[in-house]
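Dear colleague,

I am handing over the structure below, and after it you will find my notes on what came out of the analysis. Please read them with the coordinates open beside you.

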Amino acid sequence: MDLPTLPPPNENETIRTVPGVEPFLSAKELAYYLGRHVNYIYLMKKAGFPMPGRRATLSDAIQWLEANPNWRHYLPQGYR
């Protein structure tokens, strides 16, 4: 899988990445790359998706979604 290239936060800043190391993304950035709303990521966290330091890699998110296809069924009734 190709590593995502992140757009710079503004035109005066650049995001420095280490070659060969996948960047850790915030919930908002994960939502962007997954094509979902940020609340989708927050619900994933409530269902058990680990985001230590409020960051995770895109491949971690994809692997978790593949391993937990029915993850919404694990949420309490009010969160679905």
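The helices α1 and α2 are roughly perpendicular to each other, and I begin with this pair; please bear in mind throughout that the model is a predicted one. The packing angle between α1 and α2 is about 110°, and their axes lie 8 Å apart, which falls in the range of 65 to 115 degrees that counts as roughly perpendicular. The crossing in which α1 passes α2 is right-handed. On the α1 side, the residues that take part are Ala 27, Lys 28, Leu 30, Ala 31 and Leu 34, and in α2 they meet Val 38, Ile 41 and Tyr 42.

Turning to α1 itself, which spans residues 27–34, its buried residues are Ala 27, Leu 30 and Ala 31. Viewed down the axis of α1, these buried residues fall within an arc of 100°, so they line one face of the helix.

In the segment before α1 lies Ser 26, which counts as buried because its relative accessibility is 17%, where the cut-off for buried is under 20%. Once its neighbours within four places in sequence are left aside, Ser 26 is in contact with Met 51, Arg 54 and Arg 55. After α1 comes Gly 35, and the phi of Gly 35 is positive, near 70°.

Of the 80 residues in the protein chain, 31% are buried. Among the contacts in the protein chain with a separation of 6 or more, 52% are between residues 24 or more positions apart. The accessible surface of the protein chain comes to about 6000 Å², and carbon and sulfur atoms account for 50% of that surface.

Conventions
Residues are numbered from 1 along each chain as its sequence is written. This is a predicted model: local features need pLDDT of at least 70, side-chain atom pairs count only at pLDDT 80 or more; totals for chains, interfaces and linings use all residues. Side-chain values use heavy atoms; hydrogens and water are left out. Buried means under 20% relative accessible area, exposed over 50%, partly exposed in between (1.4 Å probe, protein chains only). Helices (H or I, at least four residues) and strands (E, at least two) are DSSP runs, numbered from the N terminus. The arc is that of the directions from the helix axis to the C-beta atoms. Contact means heavy atoms within 4.5 Å. Accessible areas come from the Shrake-Rupley method with a 1.4 Å probe; for residues, only the protein chains shown count as cover. Axes are lines fitted to C-alpha atoms, for helices over the stretch in contact, and angles run from 0 to 180 degrees between N-to-C directions. Angles under 35 degrees count as roughly parallel, over 145 as roughly antiparallel, 65 to 115 as roughly perpendicular and the rest as oblique. A crossing is left-handed if the near helix is turned anticlockwise from the far one by less than a right angle, and right-handed if clockwise.
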